[in-house]
Amino acid sequence: MENKMSILGVEYEIVSPEELNAGEEQIGGFHDGFERKLFVAQHEVKEFMRTCLLHEALHAMFFEAGFENYSDDEKLISALEHLLPKVSGEFKRHNLI
Ligand SMILES: [Zn+2]
């Protein structure tokens with residue numbers, strides 16, 4: 001996985017440690033908008049890592065757009081993580097992106 005990603009023109013570093021823990025719980029990822037980092041734990045299933053990266057990039061997108069309340073809304077981010085690829089696939093099919 002490339003280790004840089006532009007989020008609304010701001011360069012984020014993608015950090016992919018073997019595992020991530022939040023207290024006792026193992027987690028797939030998190031984002032740090034102040035340090036401009038997206039953390040995504042390594043996983044043998046690439047699709048899982050891709051979904052985690054999209055999730056963290058969506059947090060960062062709202063953060064960079066100045067919508068910190070949306071950035072902190074896990075329900076909204078989780079919904080978009082699943083819905084966005086379906087819609088963007090149609091845009092690609094119609095050569096709109
Ligand atoms: Zn999240």
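**Core, helix crossing and exposed spots**

The label follows a simple count: a residue is buried if 20 or more other C-beta atoms lie within 10 Å of its own, exposed if 12 or fewer, and partly exposed in between, with C-beta atoms placed from the backbone. Glu 2 sits in the segment before β1. Between Glu 2 and Leu 96 there are 94 residues of sequence separation and 25 Å of space, C-alpha to C-alpha. Strands and helices here are DSSP runs (E, at least two residues, for strands; H or I, at least four, for helices), numbered from the N terminus. All of this comes from a predicted model, in which local features need pLDDT of at least 70 and side-chain atom pairs count only at pLDDT 80 or more, while totals for chains, interfaces and linings use all residues. Residue numbers start from 1 along each chain as its sequence is written.

Next comes the inside. In soluble globular proteins, nonpolar side chains tend to be buried together. A nonpolar core is a set of buried Ala, Val, Leu, Ile, Met, Phe, Trp, Tyr and Cys residues joined through C-beta atoms within 7 Å. The largest one in this model has 13 residues, and Leu 38, Val 40, Leu 53, Ala 57 and Ala 60 have the most contacts inside it. At least two core residues come from each of β6 (37–40) and α1 (46–64), and α1 gives the most, with 7 residues. Take Leu 53 as an example: leaving aside neighbours within four places in sequence, Leu 53 is in contact (C-beta atoms, placed from the backbone, within 7 Å) with Ile 14, Leu 38 and Val 40.

Helix α1 also meets helix α3 (residues 74–93). Two packed helices are described by the angle between their axes and the distance between the axes. Here the axes come within 9 Å and cross at roughly 130°; they are lines fitted to C-alpha atoms, for helices over the stretch in contact, and angles run from 0 to 180 degrees between N-to-C directions. That makes α1 oblique to α3, since angles under 35 degrees count as roughly parallel, over 145 as roughly antiparallel, 65 to 115 as roughly perpendicular and the rest as oblique. On the α1 side, Thr 51, Leu 54, His 55, Leu 58 and His 59 make the contact, and on the α3 side Ile 77, Leu 80 and Glu 81. These residues divide into 4 nonpolar, 3 polar and 1 charged (Ala, Val, Leu, Ile, Met, Phe, Trp, Tyr, Cys and Pro count as nonpolar, Asp, Glu, Lys and Arg as charged, and the others, Gly among them, as polar). With 19 C-beta neighbours inside 10 Å, Leu 80 counts as partly exposed.

Glu 13 belongs to strand β2 (residues 10–15) and is partly exposed, with 13 C-beta neighbours inside 10 Å. Apart from neighbours within four places in sequence, Glu 13 is in contact with Asn 3, Lys 4, Arg 36 and Lys 37.

Most residues other than glycine have a negative phi, and most peptide bonds are trans. Arg 36, in the loop between β5 (29–32) and β6, has a positive phi near 60°. Leu 8, in the loop between β1 (4–7) and β2, has a positive phi too, near 50°. Leu 8 is exposed, with 12 other C-beta atoms within 10 Å, whereas Arg 36 is partly exposed, with 16 C-beta neighbours inside 10 Å.

Technical notes
Two residues are in contact if their C-beta atoms, placed from the backbone, lie within 7 Å.
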